[in-house]
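Here is a short briefing to read alongside the structure. Have the sequence and the 3D view open, and take the topics in any order you like.

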Protein chains: 2
Amino acid sequence: MAVYTEVTDDELAALIADYGLGELLSYKGIAEGVENTNFMVHTTKGAYILTLYERRVDAADLPFFLGLLEHLHARGISCPQPVRNRAGDVLTAIAGRSAAVVTFLEGVWPRHPRESHCQAVGRALAELHLAGDGFALERPNALGLEGWHDLYERFASRADEIAPGLGTLIAHELAFLDRAWPKDLPSGVIHADLFPDNVFFIGDKLSGLIDFYFACNDAWAYDLAICLNAWCFEPDVSFSAAKARALLSGYQTLRPLTEAEQAAFPVLARGAALRFLLTRAYDWLHTDRNALVRPHDPKPYIRRLRFHQEVEVAADYGVEASS
Amino acid sequence: MAVYTEVTDDELAALIADYGLGELLSYKGIAEGVENTNFMVHTTKGAYILTLYERRVDAADLPFFLGLLEHLHARGISCPQPVRNRAGDVLTAIAGRSAAVVTFLEGVWPRHPRESHCQAVGRALAELHLAGDGFALERPNALGLEGWHDLYERFASRADEIAPGLGTLIAHELAFLDRAWPKDLPSGVIHADLFPDNVFFIGDKLSGLIDFYFACNDAWAYDLAICLNAWCFEPDVSFSAAKARALLSGYQTLRPLTEAEQAAFPVLARGAALRFLLTRAYDWLHTDRNALVRPHDPKPYIRRLRFHQEVEVAADYGVEASS
């Protein structure tokens, strides 16, 4: 939770004028978001989010992220819609940062997801995958198998500071995934980070998806495997078969998994667990103690990974044979 | 900037229902506010601020603060209005904290105050003083002369860590104020912390005042002296006579200072500078390096205090003889 960069009232008022959004009424730094600085902005035209892109985001990726939001919004996905300024651009600059203004999306992310949430998220993920079709830009997944190797090399010597034996666990898992990682699965745009804090609900109804800053092109079923890790474990890291069934059935109401996807699902789940174990472990070891943002504990992802290692077939997750 | 206490969606939805505020649409932790945790809340009825009172606020003072907001709002002051729940209470509890819901006030605080802002703040302060008349509750100023002595004793031995000679400066100043502090000035409710971040503007127009958590009963002119310190020095800590004239003339359009207040003004300005020097110095020495909130630098208040020590008569600040 952090505001990394302050914005003055005068420079924001000028920016709002340049967007034709009426008069600036208020803005508040939001204590959410690890990667970027976000302000909630009220103007006489409505509510918006101003995002300042900080160090973690590669500016070269911004046209992909913002273009994707426009593409998805135009296809009926409820997600923030980038606003274009008078010059017709979605990307601007303020306070020395690249920045964008998007429409504010009402909704609350579920702190304690229930089966009904998982069902709705599964369905929304399938909608997202199908709506991504035809998006002109491409972005390889920087946090795919190759990226995992690179990331691990940057902290391998210190991995066991987090948990004894973690280095061996990761090295063996990478070797396994090098052999077992599936190729040629149905692919397209994926969200790649659809955790509960990126999915909004109003009451029981899913109201929208946010935070597309890890979106990329990769296997759709891998995105679903990320959601399995993010949504279907209890706070004590025990697996919830009921939530997994809800997630997977929600997804398959719109997009049934192919046989190849079903067969690959346990491996995809292992890869997804490893991906978050790696980034959290790296951040755990490299976050300054004085940082504004406290890193996530990587250890729950060790337990997820060990769970997936015991799973043999997709049916164990509640994947039904597609009709 | 901090959210000290997290609130779950389920407990907030229950609270909003108890306030009859319609359905919860969204809530975001706000990265402002040093003392308390604040969430911006949207419901189908409008926008609100939920405040969770953290350790620095004495729960026994909350009826004064919230009652004062109701009193001032009823008298036409633009300030947050506490919302009463179904039981008729303004004070509730959530996530283990005392809490209140107030109406959201649109407006932007000026990062670079100009003379026009100072004029408007002076006028708003006089309105506030006059509107406080008749408020039933009383709260002594815990950060008055006696409180300054107490606070200084808690870090006297370490004062020179901040600046060489600071201990002597403060001790001499306290001794001076013990002799010179005025008594029997016109008194009533004062805001006591009306810094720029607590005064909202929309365009050039003052839209409201917030953060009454230091409000108390004390001399009105002392409140004006606090504003002089807060609004009428440039970033390089040089005094702006033009801004001081604007502040004081704005105030006196509604409430001309008495002769006794004018005579006391230089001493009040010294006391006000010392008050913020003391709290900032204490926080500077006692804030954990890992704290979510970085303490304010106390040194600009050393310079303010030294400036005021050279002032002999109120006319030097631009106080006009009252008509």
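In which sense do S4(A) and strand S5 (residues 97–103) of chain A pair, and over how many bridges? The two strands pair in the antiparallel sense, over three bridges; strands count as paired if DSSP finds at least two bridges between them. This is a predicted model, in which local features need pLDDT of at least 70 and side-chain atom pairs count only at pLDDT 80 or more, while totals for chains, interfaces and linings use all residues. Residues are numbered from 1 along each chain as its sequence is written, and chains are lettered from A and ligands numbered from 1 in the order in which they are written.

**Confidence**
- Chain A has a mean pLDDT of 94, with 97% of its residues at 70 or more; pLDDT is the predictor's confidence in each residue, from 0 to 100.
- For the model, ipTM is 0.91 and pTM is 0.91.

**Overall form of chain A**
- Nine helices and nine strands make up the secondary structure of chain A; these are DSSP runs numbered from the N terminus, helices being H or I with at least four residues and strands E with at least two.
- With a radius of gyration of 20 Å, close to the 20 Å that the globule rule gives for 323 residues, chain A is as compact as a globular protein of that length. The radius is taken over C-alpha atoms, and the rule is 2.2 Å times the number of residues to the power 0.38.
- Along the principal axes, the C-alpha atoms of chain A fill a box of roughly 60 × 50 × 35 Å.

**Two domains in chain A**
- Where they touch, 18 residues of domain 1 of chain A are in contact with 16 residues of domain 2 of chain A. Contact here means that the C-beta atoms, placed from the backbone, lie within 7 Å.
- The domain 1 side of this contact has eleven nonpolar, four polar and three charged residues. Ala, Val, Leu, Ile, Met, Phe, Trp, Tyr, Cys and Pro count as nonpolar, Asp, Glu, Lys and Arg as charged, and the others, Gly among them, as polar.

**The sheet in chain A**
- Five strands of chain A form an open sheet with antiparallel pairing, in the order S1-S2-S3-S5-S4.
- S1 and strand S4 (92–94) of chain A are at the edges with a single partner strand each, so one side of each has no neighbour in the sheet.
- From one strand to the next, the twist averages 35°.
- A:Ala93 has A:Ser98, in S5(A), as its bridge partner.
- H1(A) lies across S1, S2 and S4 of chain A and runs at about 120° to S1(A). Axes are lines fitted to C-alpha atoms, for helices over the stretch in contact, and angles run from 0 to 180 degrees between N-to-C directions.

**Where chain A meets chain B**
- Chain A and chain B touch through 28 residues of chain A and 28 residues of chain B.
- On the chain A side, helix H1 (9–18), strand S1 (24–29) and strand S2 (37–43) are the elements that give two or more residues.
- S1(A) gives the most, with six residues.
- That side of chain A divides into twelve nonpolar, eight polar and eight charged residues.

**The sheet in chain B**
- Chain B has an open five-stranded sheet in the order S1-S2-S3-S5-S4, with antiparallel pairing.
- B:Ile94 has B:Arg97, in S5(B), as its bridge partner.
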